[in-house]
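Please examine the structure shown below alongside the following account, which passes from the surface to a pocket and then to the salt bridges.

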Amino acid sequence: MQEVAREKGVAIVCPLFEAEGEKTFYNSAVVIDAGGTVLGCYRKVHVPQIPLWEEKYYFSPGNLGFPVFETQFAAIGIQICWDNFFPEGTRILALKGAQVIFSPTAAAFASQKRWETVISGHAISNGVYIFRVNRVGGEEKQDFYGRSFCVSPEGELLDQPTGMNESIALIDVDLKAIETVRKEWSFFRDRRTEAYEEIVQRKVPADLEMKIT
């Protein structure tokens with residue numbers, strides 16, 4: 001993939017099964033800049049344990065935080081699959097300067113609308129482009145439906161989602177639009193960090209724990 005990036009002059013987000021030693025594994029994505037330089041790695045932070053996605057059995061939670069990668073074209077962040085349903089990661093990436101967030105996913109069944117909704121919401125509240133790239137093909141008990149898409153900082157689809165087979169989505173993005181949108185929708189300016197202490201408490205309060213369970 002480094003050779004491809006160098007030959008074609010493109011930056012690549014390369015998801016992979018990462019092994020650290022013999023017993024620790026991560027769901028990761030390596031970012032390769034145009035020219036072939038490896039800029040770093042993102043390890044999926046939120047690991048699901050649901051039917052057919054029993055990832056806690058073999059993946060460890062990511063321990064590299066939420067890095068932003070300065071490619072030759074844009075500052076990008078990564079949110080792998082399940083990560084996209086946790087708004088904290090997207091907010092951190094946006095505050096650290098990410099302009100485009102790439103979301104590699106492996107989703108099956110009738111979940112497309114849910115993905116469009118949550119990703120559009122994150123794009124709106126953070127003023128970023130988000131590009132969801134979903135797997136195609138099938139396994140014994142599930143079929144992956146593709147339908148990759150990109151949304152603008154205003155949460156609008158920039159083109160129709162791709163089909164259910166292997167395909168290419170070519171999306172033009174205007175990075176200057178990010179600043180314009182953030183001026184019009186001043187969510188970052190109006191943040192009140194002093195009011196958010198509860199969300200960073202490591203232990204969930206007992207009354208909230210009862211509601212969750």
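In this predicted model, Met1, Val4 and Val10 form a nonpolar patch on the surface, and together they present about 240 Å² of accessible area. Val10 sits in the loop between α1 (2–8) and β1 (12–20). With a relative accessibility of 33%, Val10 counts as partly exposed, because that class lies between the limits of 20% and 50%.

The largest pocket holds about 1200 Å³ of space. Its lining comprises 35 residues, and those nearest the centre are Ala11, Phe102, Phe131, Val133 and Ala169. The strands β1, β8 (100–105) and β9 (129–134) each contribute at least two residues to this lining. By residue class, the lining consists of 23 nonpolar, nine polar and three charged residues.

The salt bridges number eight. One of them joins the side chains of Glu7 and Lys8, with an N to O distance of 3.8 Å; both Lys8 and Glu7 are exposed.

Another salt bridge pairs Glu18 with Arg43 at 2.8 Å, N to O. This pair links distant parts of the chain, as Glu18 belongs to strand β1 and Arg43 to strand β3 (residues 38–43), 25 residues apart. Glu18 counts as buried at 16% relative accessibility, and Arg43 counts as buried at 7%.

Arg43 also forms a salt bridge with Glu20, where the closest N and O atoms are 3.4 Å apart. Because Glu20 lies in strand β1 and Arg43 in strand β3, this pair ties together parts that are 23 residues apart in sequence. Glu20 is partly exposed, its relative accessible area being 37%.

How values were computed
Residues are numbered from 1 along each chain as its sequence is written. This is a predicted model: local features need pLDDT of at least 70, side-chain atom pairs count only at pLDDT 80 or more; totals for chains, interfaces and linings use all residues. Side-chain values use heavy atoms; hydrogens and water are left out. Patches are made of residues with over 30% relative accessible area and no salt bridge: like charges are joined within 9 Å, nonpolar side chains (Val, Leu, Ile, Met, Phe, Trp, Tyr) within 5 Å. Accessible areas come from the Shrake-Rupley method with a 1.4 Å probe; for residues, only the protein chains shown count as cover. A salt bridge is a side-chain nitrogen of Lys or Arg within 4 Å of a carboxyl oxygen of Asp or Glu. Helices (H or I, at least four residues) and strands (E, at least two) are DSSP runs, numbered from the N terminus. Buried means under 20% relative accessible area, exposed over 50%, partly exposed in between (1.4 Å probe, protein chains only). On a 1 Å grid over the protein atoms alone, a cavity is a set of points where a 1.4 Å probe fits but cannot get out, and a pocket is an open set with protein on both sides within 12 Å along at least five of seven lines; lining residues have an atom within 4 Å of a point. Grid points are joined across faces, edges and corners, and a volume is the space filled by probe spheres set on the points. Ala, Val, Leu, Ile, Met, Phe, Trp, Tyr, Cys and Pro count as nonpolar, Asp, Glu, Lys and Arg as charged, and the others, Gly among them, as polar.
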